[in-house]
Amino acid sequence: MSGNLADGVRGGPAGPFLEIACDESGSDGENLTGGNTDVFAHASVSLSVAAAAAAVREIRDRIRSPAEEYKANHLLREKHRAVLEWLLVPEGPMHGQARVHLMEKTFFVVDRAAGLLLGDPAAAVVLFREGSRTFGDEGWRAFLEAANQLLRVRNNGEPGAPVEGFYGTVDALRRAHPRTDAGRILARLGATRSRAVSYRADFLDGPPLIPVLNPLLPAIVRTAALWSGDGREVRLVHDRQNMLTPDRIAWIEEAARRAGVGLAGLRLVVAREDARVQVADFLAGIARKIASDELNGRGDPVLTALLRPYVDPASVWGDARSLALLAAPAAPVTGPR
């Protein structure tokens with residue numbers, strides 16, 4: 001197989017494929033309701049090595065920080081607002097050649113709980129959008145935390161505590177709000193204890209290869225799907241992550257194959273040694289902050305509008321108001337320039 005070409009396309013016996021560079025921001029492991037961030041972002045770019053290096057140099061020339069490695073926080077400082085806008089505008093260096101898949105972490109918890117216990121994704125949307133207003137902030141927070149504890153692999157207390165805690169919370173909220181849409185979904189959840197017990201019992205043999213609550217792995221599969229939609233195979237170049245073990249990379253490649261996604265492979269690099277990954281890192285951190293601000297009602301209309309063309313419309317997002325502002329209809333992505 002040939003090496004990297006200048007434009008980022010590689011060739012082999014089956015023909016050329018597109019190489020996409022990726023990075024993430026906002027990873028708190030499985031602690032999705034009590035971590036440092038409320039949004040996870042996985043960004044990807046199809047820039048050539050030369051174009052990405054030029055963008056990084058331009059950012060350095062404009063910001064002039066003595067830092068050895070630049071991060072998104074440099075661009076997010078108010079004094080560098082013009083540089084941030086330059087990176088995102090339609091005339092900027094990555095417009096049409098970058099995507100970011102967003103996950104609203106609390107919705108991801110609800111989605112995974114409804115999927116595991118009910119097999120009903122639609123129930124997750126209803127419960128998420130009705131939960132806070134039906135149960136109040138305190139009740140809704142109690143449900144989210146109990147669901148997070150039930151699904152996460154690590155548990156420092158008694159083995160059965162996550163199951164008891166979750167169903168105790170579900171029962172109390174269901175009894176207090178019996179004739180509501182959210183209450184009716186909790187009634188359905190209340191009948192799923194045996195599934196939860198079986199799920200937790202599987203951990204006795206050791207932690208699962210693919211944790212239900214880790215957002216990185218499904219985000220990578222989705223990223224491959226975004227870029228291979230035109231029928232061309234893609235290879236992903238990703239910043240090194242402890243989560244991305246050889247077994248999990250094999251799972252990602254198999255999951256993509258089963259979904260009909262043209263993923264030709266995934267390789268890991270050190271971000272500072274690949275300018276394309278550095279640009280993806282910038283976009284991931286920027287997108288996470290802009291999306292979090294919008295989610296929490298303190299969005300910057302200009303930055304939200306600039307981010308919108310980059311956001312995957314299939315992002316895992318439950319809040320309808322902020323989603324309408326953040327995600328544009330699907331638009332084509334192009335190869336590297």
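**Helix packing notes**

1. L84, L87 and L88 of α3 touch F282, L283, I286 and I290 of α11, contact meaning heavy atoms within 4.5 Å. By class that's seven nonpolar residues, no polar and no charged (Ala, Val, Leu, Ile, Met, Phe, Trp, Tyr, Cys and Pro count as nonpolar; Asp, Glu, Lys and Arg as charged; the others, Gly among them, as polar).

2. Before going on: this is a predicted model, where local features need pLDDT of at least 70 and side-chain atom pairs 80 or more, while totals for chains, interfaces and linings use all residues. Numbering runs from 1 along each chain as its sequence is written, and side-chain values use heavy atoms, without hydrogens or water.

3. Helices here are DSSP runs (H or I, at least four residues), numbered from the N terminus. The axes of α3 (residues 81-88) and α11 (residues 275-295) lie 12 Å apart at about 110 degrees, so the two are roughly perpendicular (65 to 115 degrees). Axes are lines fitted to C-alpha atoms over the stretch in contact, with angles from 0 to 180 degrees between N-to-C directions.

4. α5 (residues 121-151) and α7 (residues 181-190) cross at roughly 95 degrees, axes within 8 Å. Their contact includes F135 and F143 of α5 and I185 and L186 of α7. The tally there is nine nonpolar, two polar and three charged residues.

5. Take a look at α5 itself: a kink of about 120 degrees is centred on G136 (the angle between axes fitted to the seven residues ending there and the seven starting there).

Key
Parallel < 35°, antiparallel > 145°, perpendicular 65-115°, else oblique.
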